[in-house]
Amino acid sequence: MSVIPNGPDPFATDRGGPAQPLLSVSGLFKHFPVRKGTGPKRVVRAVDGVDFDVLKGETLSIVGESGCGKSTTAKLIMGLIERDSGEMLYDGQPIGERAMPWRSYRRQAQMVFQDSYASLNPRMTVEQSIAFGPKVNGVPGRQAVERARALLARVGLEPKRFAGRYPHEISGGQRQRVNIARALALEPRLVLLDEAVSALDKSVEAQVLNLLLDLKAEFGLTYIFISHDLNVVRFISDRVMVMYLGRVAEIGPSDQVLAAPSHPYTQALLASMPSLDPDNRTQEALLAGDPPNPIDPPSGCRFHPRCTLAEGVCSAVEPPLSSVMPLHRVACLARQPGSGHSAAPSEAIAA
Amino acid sequence: MTAPLTAGSVALDGNITAAPDAPEAFIASRGFWGHVGHRLVRDPVAMAAGILIVIVIAIAILSPWITPMDPYKGSMLRRLKPVGDATYWLGSDELGRDMISRLMLGSRLSLFMGVTPVLIAFVIGSGIGILAGYVGGWTNTILMRTIDVFFAFPSVLLAIALSGALGAGIFNSIVSLTCVFVPQIARVAESVTTGIRRRDYIDAAKLSGASAFTIMRVQVLGNVIGPIFVYSTSLISVSMILASGLSFLGLGVRPPEPEWGLMLNTLRTAIYVNPVVAALPGLAIFIVSISFNLFSDGLRSAMEIRQ
């Protein structure tokens, strides 16, 4: 039963059936121009050719270091910044075109931001913030407020106590619950969580993660979960996408990617996770230095200057995403048969 | 329960039933303006200034009925009586009219000329500034560069030039003073709006499918109106002084209408005969404008609530 008064069946808007990806992104590019004097025009290649699908009902996590393009990808998906090129299909329909204009897409795709305080209007009560979305979409005022209260109760905040509060009067965890309630107020199918729990205390984080899982089951949601915390990612995701310098390095089922990572970068990321076992401490950093400047990315494979497996061919050839297992794809020449890399598997095994 | 709940309520986060018997006052939360009012009441200087403003406004409204003598009736025999005269408590002017009655009635026009242009400019300037700040890009450039042209002239000069071009009179003075203040308010409005347009809650509002106008009205306005309002109240004193200046130059109110600036003008010939009386309208302008400034300062510090 839906807690939202007059809530629709979450699958009423479904078109393509369960096999059709909810969101399908291909060839997504976003370069930001850098203004620097009168020199030649330079660009930051924030997102540089990203393809992925988000399946219905799954949680896809996007992980990577700061500056790898995961937040830019999020904003592109939500249309908060305009893409340079690339195609985005929502349930099989191109977003921004006639069949699926941005306005109707946004009613089905909502976002929860990292900074729980900055994402709530300081002059509006919690209830007003949640009711704003339904109101501008034509829900009468009283009904919108009722829906806001029902959602507050659903995210674990007693409406009587919290509806009239202002954002500065509640804690970070409570604010993030309010942000989740607001995202759900438009009854979306896709919710993008951009570092939504990263700023919370560990105990609060766990509660909010559990809440997210409950809500997903109850409303039939699909999540895109952006995070840099691999423990959280392991807990919540069905599939994981690892990004490096605006490209996809590896994508696959979360148990495969996190248990048996194939890309050297993913391996380094996982190895750099602090261990709880004192006998098994991480002694040295596996990933040295900062990621290279996205204005001038390295030639060939972007990871080669920091990679332990790097060979001559890596600086010459850009590795395509190729399957190592069904559904598990990696952009690494050392994993691609016939790439010329000495560690590459032979063609026969791969076939 | 007065302090905003921040750190202390973290523990309540997970377990909302921890305090089921929270008192009613805990539930009702004071909004932003509630906090501002609360702090303003506790600021003695701002309150004194505020009370003075209220008294002057009351006098202005009631003056036709409460003036001790007819402010228009002169007497050739009783000109320029000193302050403290038995009949004329604050003396009489160069035509033998009662100063206190004229000052009281004069407060009407002086206040009107101080507040009206600022009020009109507040509405227009906020509109332009918020639009420029929120939309950004070319709209911002075109609007703000146009506004900048007005800053090339000192405001006094601009007011005199516009009034001179439009001709004397109350209406024309108000128009020219409004033109002086619109760019100033618009610039403040633009800068506060630019400061908040990239906040996440604006993005969240965009994601809800709200139109730009709705976002400006519901999400932006409440966050920028405070600073713009404070700045505008500080302009009231400037407006009063400029209006008095226009009247002094013969571009504003015309005699025999009492207005403080005009009174200052007509009494200037008496400055060697009775300097105290001649200075009274100036003193009135000074007191009222400084009250507006002090009140606006108090309002600003009351709004500096850490969020």
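This is a predicted model: local features need pLDDT of at least 70, side-chain atom pairs count only at pLDDT 80 or more; totals for chains, interfaces and linings use all residues.
**View 1. The open four-stranded sheet of chain A.** The strands of this open sheet follow the order β2-β1-β4-β5 in chain A, and their pairing is antiparallel. Because β2 (42-54) and β5 (93-94) of chain A each have a single partner strand, they stand at the edges, and one side of each is left without a neighbour in the sheet. Helix α1 (residues 70-78) of chain A packs on the sheet, where it touches β1 (23-34), β2 and β4 of chain A, and the direction of this helix makes about 65° with that of β2(A).

View 2. Strand β4 (residues 85-90) of chain A is joined to β5(A) by two bridges in the antiparallel sense. Within this pair, Tyr90(A) is the residue that stands opposite Gln93(A) in β5(A).

**View 3. The hairpin of β11 and β12 in chain A.** Strand β11 (residues 322-325) of chain A pairs with strand β12 (residues 328-330) of chain A over three bridges, again in the antiparallel sense, and Ser323(A) stands opposite Arg329(A) in β12(A). Two residues lie between the strands of this hairpin, in which Leu327(A) takes a positive phi near 70°.

**View 4. The helices of chain B.** Of its 307 residues, 41% count as buried. Among the contacts in chain B between residues at least 6 apart in sequence, 71% join residues that are at least 24 apart.

**View 5. The packing of α4 against α7 in chain B.** Helix α4 (residues 99-135) of chain B and helix α7 (residues 170-196) of chain B pack with their axes 6 Å apart and at an angle of about 35°, and the crossing of α4(B) and α7(B) is right-handed. Classed by residue type, the contact of α4(B) with α7(B) comprises 19 nonpolar, nine polar and two charged residues.

**View 6. The mostly covered helix α10 of chain B.** In helix α10 (residues 260-267) of chain B, seven of the eight residues are buried. The buried residues of α10(B) are Trp260(B), Gly261(B), Leu262(B), Met263(B), Leu264(B), Asn265(B) and Leu267(B).

How values were computed
Residues are numbered from 1 along each chain as its sequence is written. Chains are lettered from A and ligands numbered from 1 in the order in which they are written. Two strands pair if DSSP finds at least two bridges between them. Axes are lines fitted to C-alpha atoms, for helices over the stretch in contact, and angles run from 0 to 180 degrees between N-to-C directions. A crossing is left-handed if the near helix is turned anticlockwise from the far one by less than a right angle, and right-handed if clockwise. Ala, Val, Leu, Ile, Met, Phe, Trp, Tyr, Cys and Pro count as nonpolar, Asp, Glu, Lys and Arg as charged, and the others, Gly among them, as polar. A residue is buried if 20 or more other C-beta atoms lie within 10 Å of its own, exposed if 12 or fewer, and partly exposed in between; C-beta atoms are placed from the backbone. Two residues are in contact if their C-beta atoms, placed from the backbone, lie within 7 Å.
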